[in-house]
Amino acid sequence: MTIKNLDNRVLFWVKAAVFLTALLPFAKLAVAAYADELGANPIEKMTHVTGYSALSFLLITLAVTPLRRLSGCLWLMRLRRMLGLFAFFYASLHFAIYLVLDQYFDWLAIAKDILKRPYITIGFSAFMVLIPLALTSNDAIIRRLGGKRWRALHRLIYPCAIAGVVHFGWLVKKDLSRPMIFALVLALLLSMRVAYRLADNRTAHQKAV
């Protein structure tokens, strides 16, 4: 066994460690809420933490394939589904906090927010895109859809990530340092994807010739 090829026993513990690490933002938030240490505006704090975590895991999910190509560690791909589902988990918490604690299920106010406030419009759109991606992240659905259609559907993660970064930037308004970091990381990841795709197409063309 090498770092590039982990056996199933070691991979099990790697997955467990990643799972527990991914739960840390939620656990810290839960402990702070229980101890009444969320600050003067607890709803805003919870909203920011869950939104930041959702976007972070979205970009980490996008980073898996480039990291696998750079490192040669094929087992990284077996973490991608879990990381993507954690992105959806935190995005769902983010939306639930807005829906329940901020708007108190006031559907008319929510509809007005979505239509009139651009950062909510694009954030809500990103969340809607995440739902079918999460629902089709099991082996049975993949077999039913077929690999080609499944891959086409899951390419929606790219516009979803872009929308998430724009949502974050419009939300903070003043201090754009963190949104800019996310934007630069996303730009790098997308550029790497394009470069790999072009290289693969070139290799396929050379083999065909």
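**Figure 1. A patch of positive charge on the surface of the predicted model**. Four residues, Lys148, Arg151, Arg155 and Arg197, gather in this patch. One of them, Lys148, lies in helix H7, which spans residues 147–154. Lys148 has a relative accessibility of 70% and therefore counts as exposed, since the cut-off for that class is over 50%.

**Figure 2. The salt bridge between Arg81 and Asp139**. The closest N and O atoms of this pair are 2.6 Å apart. Because Arg81 lies in helix H3 (residues 77–102) and Asp139 in helix H6 (residues 139–145), the pair ties together parts that are 58 residues apart in sequence. Arg81 is partly exposed, with a relative accessible area of 36%. Asp139 also counts as partly exposed, at 42% relative accessibility.

**Figure 3. The salt bridge between Arg117 and Asp113**. Here the side chains of the two residues meet at 3.1 Å, taken from N to O. Arg117 is partly exposed, its relative accessible area being 34%. Asp113, by contrast, is buried, with a relative accessible area of 10%; the class of buried residues ends at 20%, so Asp113 falls under that limit. The count for the structure comes to two salt bridges.

**Figure 4. Two buried cysteines, Cys73 and Cys160**. Cys73 has a relative accessible area of 8%, which means that this residue is buried, as the value is under 20%. Cys160 is likewise buried, with a relative accessible area of 2%. The structure holds zero disulfides.

Figure 5. Read along the sequence, the pattern is accordingly α-α-α-α-α-α-α-α-α. Helices H3, with Arg81, and H6, with Asp139, belong to this series, as does helix H7, with Lys148. Along the principal axes, the C-alpha atoms fill a box of roughly 60 × 40 × 40 Å. The chain has 209 residues, of which 33% are buried. Among the buried residues are Asp113, Cys73 and Cys160.

Methods. Residues numbered from 1 in each chain as written. Predicted model: local features only at pLDDT ≥ 70, side-chain atom pairs only at ≥ 80, totals over all residues. Heavy atoms only, no water. Patch = residues over 30% accessible without salt bridge, like charges linked within 9 Å, V, L, I, M, F, W, Y side chains within 5 Å. Areas by Shrake-Rupley, 256 points an atom, 1.4 Å probe, with all protein chains shown as cover. Lys, Arg positive; Asp, Glu negative; His and termini not counted. Charge placed at Lys NZ, Arg CZ, Asp CG, Glu CD. Helix = DSSP H or I, 4+ residues; strand = E, 2+ residues; numbered from the N terminus. Buried < 20%, exposed > 50% of the residue type's maximum accessible area, 1.4 Å probe, protein only. Disulfide = S-S within 2.5 Å.
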